[in-house]
Amino acid sequence: NYRLDTFILNYFGGPSAVGIYGAAVAIAELLWHFPNAVGFVILPKAAASDPATLNSFTPKVLRATLSLTAAAGAVVAVGGRTLIEWVYSAAFASAYGPLLGLLPGVVLLSGFKVLANEMAGRGYPQYNSAISATTLGMTVLLDFLLIPRWGASGAAVASSATYAGTFVLALMLYGRVAR
(Lines give C-alpha, C1' and ligand atoms only; values in the text may rest on other atoms or scores of the structure.)
Protein backbone atom coordinates (compact mmCIF):
# COMPACT_ATOMS: atom_id res chain seq x y z
CA ASN A 1 0.00 0.00 0.00
CA TYR A 2 2.85 2.42 0.72
CA ARG A 3 4.37 2.48 -2.77
CA LEU A 4 1.54 1.58 -5.14
CA ASP A 5 0.84 5.26 -5.67
CA THR A 6 4.34 5.74 -7.06
CA PHE A 7 3.74 3.22 -9.85
CA ILE A 8 0.39 4.77 -10.72
CA LEU A 9 1.88 8.27 -10.59
CA ASN A 10 4.66 7.16 -12.91
CA TYR A 11 2.09 5.88 -15.40
CA PHE A 12 0.11 9.13 -15.41
CA GLY A 13 2.79 11.72 -14.62
CA GLY A 14 6.14 10.25 -15.57
CA PRO A 15 9.47 10.18 -13.78
CA SER A 16 9.60 13.89 -12.94
CA ALA A 17 6.31 13.66 -11.03
CA VAL A 18 7.65 10.60 -9.22
CA GLY A 19 10.80 12.53 -8.28
CA ILE A 20 8.80 15.43 -6.86
CA TYR A 21 6.51 13.05 -4.98
CA GLY A 22 9.46 10.98 -3.76
CA ALA A 23 11.02 14.06 -2.18
CA ALA A 24 7.77 14.84 -0.36
CA VAL A 25 7.40 11.24 0.81
CA ALA A 26 10.98 11.05 2.07
CA ILE A 27 10.53 14.12 4.25
CA ALA A 28 7.02 13.19 5.47
CA GLU A 29 8.10 9.69 6.45
CA LEU A 30 10.79 11.09 8.74
CA LEU A 31 7.90 11.62 11.16
CA TRP A 32 7.47 7.84 11.46
CA HIS A 33 10.75 7.23 13.28
CA PHE A 34 9.22 7.86 16.69
CA PRO A 35 5.98 5.86 16.12
CA ASN A 36 8.02 2.99 14.67
CA ALA A 37 10.13 2.93 17.83
CA VAL A 38 7.01 3.02 20.00
CA GLY A 39 5.53 0.14 18.02
CA PHE A 40 8.75 -1.82 18.39
CA VAL A 41 8.51 -1.46 22.17
CA ILE A 42 4.75 -1.96 22.55
CA LEU A 43 4.64 -5.33 20.74
CA PRO A 44 6.55 -7.32 23.39
CA LYS A 45 4.87 -5.33 26.18
CA ALA A 46 1.47 -6.29 24.81
CA ALA A 47 2.50 -9.92 24.59
CA ALA A 48 3.68 -9.94 28.20
CA SER A 49 0.94 -7.83 29.82
CA ASP A 50 -2.56 -8.58 30.99
CA PRO A 51 -5.46 -6.96 29.09
CA ALA A 52 -6.43 -4.62 31.96
CA THR A 53 -2.94 -3.13 32.05
CA LEU A 54 -2.93 -2.65 28.28
CA ASN A 55 -6.38 -1.08 28.31
CA SER A 56 -4.95 1.64 30.55
CA PHE A 57 -1.48 1.87 29.00
CA THR A 58 -2.15 1.87 25.26
CA PRO A 59 -4.53 4.87 25.09
CA LYS A 60 -1.93 6.98 26.89
CA VAL A 61 0.81 5.87 24.52
CA LEU A 62 -1.48 6.44 21.55
CA ARG A 63 -2.32 9.99 22.62
CA ALA A 64 1.33 10.82 23.29
CA THR A 65 2.45 9.37 19.97
CA LEU A 66 -0.22 11.23 18.01
CA SER A 67 0.51 14.48 19.87
CA LEU A 68 4.26 14.34 19.33
CA THR A 69 3.90 13.32 15.70
CA ALA A 70 1.35 16.09 15.10
CA ALA A 71 3.70 18.65 16.67
CA ALA A 72 6.56 17.44 14.48
CA GLY A 73 4.19 17.53 11.49
CA ALA A 74 3.36 21.16 12.23
CA VAL A 75 7.06 22.00 12.28
CA VAL A 76 7.54 20.22 8.95
CA ALA A 77 4.51 22.02 7.50
CA VAL A 78 5.95 25.41 8.46
CA GLY A 79 9.54 24.70 7.45
CA GLY A 80 8.92 22.14 4.73
CA ARG A 81 9.55 24.34 1.71
CA THR A 82 12.88 25.50 3.13
CA LEU A 83 13.81 21.93 4.05
CA ILE A 84 12.96 20.64 0.58
CA GLU A 85 15.02 23.35 -1.09
CA TRP A 86 17.92 22.81 1.30
CA VAL A 87 18.00 19.02 0.95
CA TYR A 88 16.94 18.59 -2.68
CA SER A 89 17.44 22.08 -4.28
CA ALA A 90 15.00 24.69 -5.51
CA ALA A 91 14.18 22.43 -8.47
CA PHE A 92 12.10 20.35 -6.02
CA ALA A 93 10.19 23.27 -4.47
CA SER A 94 6.97 21.94 -6.01
CA ALA A 95 7.23 18.95 -3.63
CA TYR A 96 5.94 21.23 -0.88
CA GLY A 97 2.30 20.89 -1.98
CA PRO A 98 2.40 17.08 -1.93
CA LEU A 99 4.23 17.22 1.41
CA LEU A 100 1.37 19.22 2.90
CA GLY A 101 -1.09 16.73 1.44
CA LEU A 102 0.75 13.82 3.04
CA LEU A 103 1.18 15.24 6.54
CA PRO A 104 -2.34 14.66 7.96
CA GLY A 105 -2.29 11.01 6.93
CA VAL A 106 1.28 10.50 8.10
CA VAL A 107 0.31 11.80 11.53
CA LEU A 108 -2.75 9.55 11.72
CA LEU A 109 -0.83 6.50 10.50
CA SER A 110 1.50 7.01 13.46
CA GLY A 111 -1.46 5.99 15.63
CA PHE A 112 -1.95 2.89 13.52
CA LYS A 113 1.66 1.91 14.14
CA VAL A 114 0.95 1.87 17.88
CA LEU A 115 -2.36 0.04 17.62
CA ALA A 116 -1.16 -2.51 15.06
CA ASN A 117 1.70 -3.63 17.27
CA GLU A 118 -0.48 -3.66 20.36
CA MET A 119 -3.11 -5.85 18.66
CA ALA A 120 -0.45 -8.17 17.26
CA GLY A 121 1.08 -8.49 20.72
CA ARG A 122 -2.32 -9.45 22.12
CA GLY A 123 -2.58 -12.22 19.57
CA TYR A 124 -4.63 -10.53 16.83
CA PRO A 125 -2.16 -10.03 13.94
CA GLN A 126 -4.90 -11.00 11.48
CA TYR A 127 -6.57 -7.65 12.14
CA ASN A 128 -3.59 -5.88 10.62
CA SER A 129 -3.83 -8.07 7.53
CA ALA A 130 -7.54 -7.32 7.23
CA ILE A 131 -6.86 -3.59 7.52
CA SER A 132 -4.18 -3.78 4.82
CA ALA A 133 -6.42 -5.75 2.48
CA THR A 134 -9.27 -3.29 2.98
CA THR A 135 -7.17 -0.21 2.46
CA LEU A 136 -5.54 -1.67 -0.65
CA GLY A 137 -8.85 -1.19 -2.44
CA MET A 138 -9.09 2.34 -1.09
CA THR A 139 -5.54 3.07 -2.29
CA VAL A 140 -6.23 1.88 -5.83
CA LEU A 141 -9.55 3.69 -6.10
CA LEU A 142 -8.26 7.02 -4.78
CA ASP A 143 -5.05 6.82 -6.80
CA PHE A 144 -6.94 6.32 -10.05
CA LEU A 145 -9.39 9.09 -9.18
CA LEU A 146 -6.92 11.71 -7.95
CA ILE A 147 -3.57 11.16 -9.68
CA PRO A 148 -4.75 11.80 -13.26
CA ARG A 149 -6.27 15.12 -12.15
CA TRP A 150 -3.70 16.39 -9.67
CA GLY A 151 -0.50 14.43 -10.26
CA ALA A 152 1.82 14.25 -7.25
CA SER A 153 -0.59 16.23 -5.09
CA GLY A 154 -3.34 13.75 -5.97
CA ALA A 155 -1.06 10.89 -4.94
CA ALA A 156 -0.40 12.68 -1.65
CA VAL A 157 -4.07 13.27 -0.90
CA ALA A 158 -4.92 9.68 -1.85
CA SER A 159 -2.20 8.35 0.45
CA SER A 160 -3.22 10.67 3.25
CA ALA A 161 -6.86 9.59 2.99
CA THR A 162 -5.85 5.94 2.92
CA TYR A 163 -3.63 6.40 5.96
CA ALA A 164 -6.52 8.07 7.76
CA GLY A 165 -8.78 5.15 6.81
CA THR A 166 -6.15 2.73 8.07
CA PHE A 167 -6.07 4.49 11.42
CA VAL A 168 -9.87 4.57 11.72
CA LEU A 169 -10.13 0.83 10.96
CA ALA A 170 -7.39 0.10 13.49
CA LEU A 171 -9.16 2.19 16.10
CA MET A 172 -12.40 0.29 15.50
CA LEU A 173 -10.71 -3.11 15.74
CA TYR A 174 -8.70 -2.02 18.76
CA GLY A 175 -12.02 -1.15 20.40
CA ARG A 176 -13.09 -4.74 19.87
CA VAL A 177 -9.85 -6.12 21.27
CA ALA A 178 -9.81 -3.81 24.30
CA ARG A 179 -13.57 -4.05 24.84
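**Charged side chains of the predicted model.** The protein chain carries 10 positive and 6 negative side chains, and the centres of these two sets lie 9 Å apart. The model shown in this and the following views is a predicted one.

Among contacts between residues at least 6 apart in sequence, 79% join residues that are at least 24 apart.

**Overall dimensions of the protein chain.** Taken along the principal axes, the C-alpha atoms fill a box of roughly 55 × 30 × 20 Å. The radius of gyration is 17 Å, which agrees with the value near 16 Å that a compact globule of 179 residues would have. Of the 179 residues in the protein chain, 45% are buried.

**The largest nonpolar core.** This core has 45 residues, and those with the most contacts inside it are Leu9, Tyr21, Leu99, Leu102, Val106 and Met119. Two or more residues each are given to this core by α1 (4–28), α2 (33–48), α3 (51–88), α4 (96–121) and α5 (125–178), with the largest share, 13 residues, coming from α5.

**Surroundings of Val106.** Val106 is one of the residues with the most contacts inside the largest nonpolar core. When its neighbours within four places in sequence are left aside, Val106 is in contact with Ala28, Leu31, Trp32 and Tyr163.

Conventions: Residues numbered from 1 in each chain as written. Predicted model: local features only at pLDDT ≥ 70, side-chain atom pairs only at ≥ 80, totals over all residues. Heavy atoms only, no water. Core = buried A, V, L, I, M, F, W, Y, C linked by side-chain atoms within 4.5 Å. Buried < 20%, exposed > 50% of the residue type's maximum accessible area, 1.4 Å probe, protein only. Helix = DSSP H or I, 4+ residues; strand = E, 2+ residues; numbered from the N terminus. Contact = heavy atoms within 4.5 Å. Rg over C-alpha atoms; globule rule 2.2 N^0.38 Å. Lys, Arg positive; Asp, Glu negative; His and termini not counted. Charge placed at Lys NZ, Arg CZ, Asp CG, Glu CD.
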